[in-house]
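Work through the exercises below with the sequence and the model open side by side. Try each task before reading its solution.

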Amino acid sequence: MTVASAALLALPLSGAAFADGARPQPAATAKAPQPAHSNPAAPTVPQDQLAKGYDARKVALKVSVDPERVRAGDSYDVSIAAKGLRSGTATVTSPEGKSYRVALSGGKATKTLTVPATAKPGSKTVTVKVGNKTATATFDVVAPRPQRDERHRGHDGK
């Protein structure tokens, strides 16, 4: 029902209502509904997921690193689990600030990264973002194995 037809129904149907004659009246205008303010706690839904029944509020993002202690120069795996999401893309950001896009399959993915040989020992953090969800995992970098210098050995290998 339009606003104009609602206004006509609201007028009393007596002769007095029409006694003023044929003076032109301003047309009633309908105001377009204003979009509701977005709730920052409620995540937005990616357009490509609307048809798949995606509900960002039901996605649980978990990230882990294996192993939890990595020598400088060695590799580690970043495991991603986006429960409630069948497919999509995750962005993995290394402690050095490099970003990598990883395709999710069945809501899961793994990305192998390498700690730079020059990395200082200490706690490091990997960040993963899927849609508007972000999760982190920490791991420890330990000093690299000392290099064996073959020049200082005798000819017999000892």
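The exercises go from the whole chain to single residues.

The model is a predicted one, in which local features need pLDDT of at least 70 and side-chain atom pairs count only at pLDDT 80 or more, while totals for chains, interfaces and linings use all residues. Residues are numbered from 1 along each chain as its sequence is written, and side-chain values use heavy atoms, with hydrogens and water left out.

**Exercise 1. Confidence**

Task: State the average pLDDT of the protein and find stretches where the pLDDT is below 50.

Solution. 
Step 1. pLDDT is the predictor's confidence in each residue, from 0 to 100. The protein averages 76, and 58% of its residues score at least 70.
Step 2. The pLDDT is below 50 over residues 5–9, a stretch with two contacts beyond near neighbours in sequence. Contact here means heavy atoms within 4.5 Å.
Step 3. Residues 13–17 also have a pLDDT below 50, with one contact beyond near neighbours in sequence.
Step 4. Where pLDDT is low, the predicted coordinates should not be read in detail.

**Exercise 2. Overall layout**

Task: Give the order of the elements in the protein and describe its surface and contacts.

Solution. 
Step 1. Helices (H or I, at least four residues) and strands (E, at least two) are DSSP runs, numbered from the N terminus. The protein has one helix and eight strands, in the order α-β-β-β-β-β-β-β-β from the N terminus.
Step 2. Buried means under 20% relative accessible area, exposed over 50%, and partly exposed in between (1.4 Å probe, protein chains only). Of the 158 residues, 22% count as buried.
Step 3. The accessible surface is about 11800 Å², with 54% of it belonging to carbon and sulfur atoms. Such areas come from the Shrake-Rupley method with a 1.4 Å probe; for residues, only the protein chains shown count as cover.
Step 4. Among contacts with a separation of 6 or more, 54% are between residues 24 or more positions apart.

**Exercise 3. Strand β1 and its end**

Task: Which residues of β1 lie on the covered face, and which on the uncovered one?

Solution. 
Step 1. L61, V63 and V65 make up the covered face of β1, and A60, K62, S64 and D66 the uncovered one.
Step 2. A60 is partly exposed, at a relative accessible area of 35%. Leaving aside neighbours within four places in sequence, A60 contacts A81, A82 and K83. A60 and G84 are 24 residues apart along the chain, with their C-alpha atoms separated by 6.7 Å.
Step 3. β1 and β3 run antiparallel and are joined by seven bridges; two strands pair if DSSP finds at least two bridges between them. The bridge partner of D66 in β3 is D77.
Step 4. D66 is joined to P67 by a cis peptide bond, with omega about 0°. P67 is in the loop between β1 and β2 (69–71).

**Exercise 4. The core**

Task: Which members of the largest nonpolar core touch the most other members?

Solution. 
Step 1. A nonpolar core is a set of buried Ala, Val, Leu, Ile, Met, Phe, Trp, Tyr and Cys residues joined through side-chain atoms within 4.5 Å. The largest one has 26 residues, and Y76, V78, I80 and V128 touch the most other members.
Step 2. The elements giving two or more residues to this core are β1 (60–66), β3 (75–83), β4 (87–93), β5 (99–105), β6 (108–114), β7 (122–130) and β8.

**Exercise 5. The aromatic pair**

Task: Classify the one aromatic pair of the structure.

Solution. 
Step 1. Rings of Phe, Tyr and Trp (its six-membered ring) pair if their centres lie within 6.5 Å; planes under 30 degrees apart count as stacked, over 60 as edge-to-face and the rest as tilted.
Step 2. Y76 and F139 are 4.4 Å apart centre to centre, with 35° between the planes, and form a tilted pair.
Step 3. Because Y76 lies in β3 and F139 in β8, the pair ties together parts that are 63 residues apart in sequence.
Step 4. Y76 is buried at 1% relative accessible area, and F139 is buried at 3%.

**Exercise 6. Two more residues**

Task: Is S94 buried or exposed, and is A137 buried or exposed?

Solution. 
Step 1. S94, in the loop between β4 and β5, is buried at 5% relative accessibility. Beyond four places in sequence, S94 touches Y76, Y100, L113 and T125.
Step 2. A137, in strand β8 (residues 133–142), is buried at 7%. Leaving aside neighbours within four places, A137 contacts V63, S64, V65, K124, T125 and V126.
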